[in-house]
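Welcome! Take a moment to look at the model below, and then let's walk through its helices and rings together.

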Amino acid sequence: TRYFLQEVRALIALNRYDECISRWEETKAQIDNDLFYKEIELRVARAYLLAKISDKDKAVEIYARYGDAESLMYVGGIDPDINEDKLTYIYKLCPDAEYLKGEIQQRLNDMNDAYAFADTTLLQLAKMAIKDRRAKDIAMWYYVAAAVCDKAGQYDEALNYINHGERLCTT
């Protein structure tokens, strides 16, 4: 795997982006999903952007999967609002990014500390996801909203979110 990483680096250094993408498509199924895989895939995302026939959507998908907000800003050609949360920015570009689930879980775990406060930014993001319905797993966002409301002592609202989330899971 590390030799393939070196090959990808070399192809990108030589501006042979199309060849890099072709080699990736041929080889990716044979590579273990480990640290090298992530490094290779992030480099291939750059190749997708710089190839003769650019595939911005594939690059965005890869960057969002790993939560690479800086690369996403580069791809979008814009900086997110200075006050915008990284999680919110990634959601807006790729609402089903795997990175979001891990980051959300970490934030919810952090709220379990006895002295922690409810994460209002996370609640705002959950409400936005529920409203715009772009994510495939809307029920998850109801559960996120419920957890934050519960932490904030808003038990009726938390129960309401739980009930909505359960209805989505039973259909």
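Read along the sequence, this predicted chain follows the pattern α-α-α-α-α-α-α-α-α-α, which comes to 10 helices and 0 strands. Helices (H or I, at least four residues) and strands (E, at least two) are DSSP runs, numbered from the N terminus. Residues are numbered from 1 along each chain as its sequence is written.

**The chain as a whole**
- The C-alpha atoms fill a box of roughly 60 × 35 × 35 Å, taken along the principal axes.
- Of the 171 residues in the chain, 41% are buried (under 20% relative accessible area; exposed is over 50% and partly exposed in between, with a 1.4 Å probe and protein chains only).

**Aromatic rings**
- The whole structure holds 4 aromatic pairs; rings of Phe, Tyr and Trp (its six-membered ring) pair if their centres lie within 6.5 Å, and planes under 30 degrees apart count as stacked, over 60 as edge-to-face and the rest as tilted.
- One of them is the tilted pair of Trp 24 and Tyr 37, at 5.3 Å centre to centre with 55° between the planes.
- Trp 24 lies in helix 2 (residues 17-27) and Tyr 37 in helix 3 (residues 35-50), so this pair ties together parts that are 13 residues apart in sequence.
- Trp 24 is buried at a relative accessible area of 1%, and Tyr 37 also counts as buried, at 14%.
- Another tilted pair joins Tyr 142 and Tyr 161, at 6.2 Å centre to centre and 50° between the planes.
- Tyr 142 sits in helix 9 (residues 138-151) and Tyr 161 in helix 10 (residues 155-169), so parts that are 19 residues apart in sequence are tied together.
- Phe 4, Trp 24 and Tyr 37 form one aromatic cluster.

**Two packed helices**
- Helix 8 (residues 120-132) and helix 9 pack at an angle of about 150°, with their axes 9 Å apart; axes are lines fitted to C-alpha atoms, for helices over the stretch in contact, and angles run from 0 to 180 degrees between N-to-C directions.
- That makes helix 8 roughly antiparallel to helix 9 (over 145 degrees; under 35 is roughly parallel, 65 to 115 roughly perpendicular and the rest oblique).
- Residues that meet here (contact means heavy atoms within 4.5 Å) include Leu 122 and Ala 126 in helix 8, and Trp 141 and Tyr 142 in helix 9.

Technical notes: Predicted model: local features only at pLDDT ≥ 70, side-chain atom pairs only at ≥ 80, totals over all residues. Heavy atoms only, no water.
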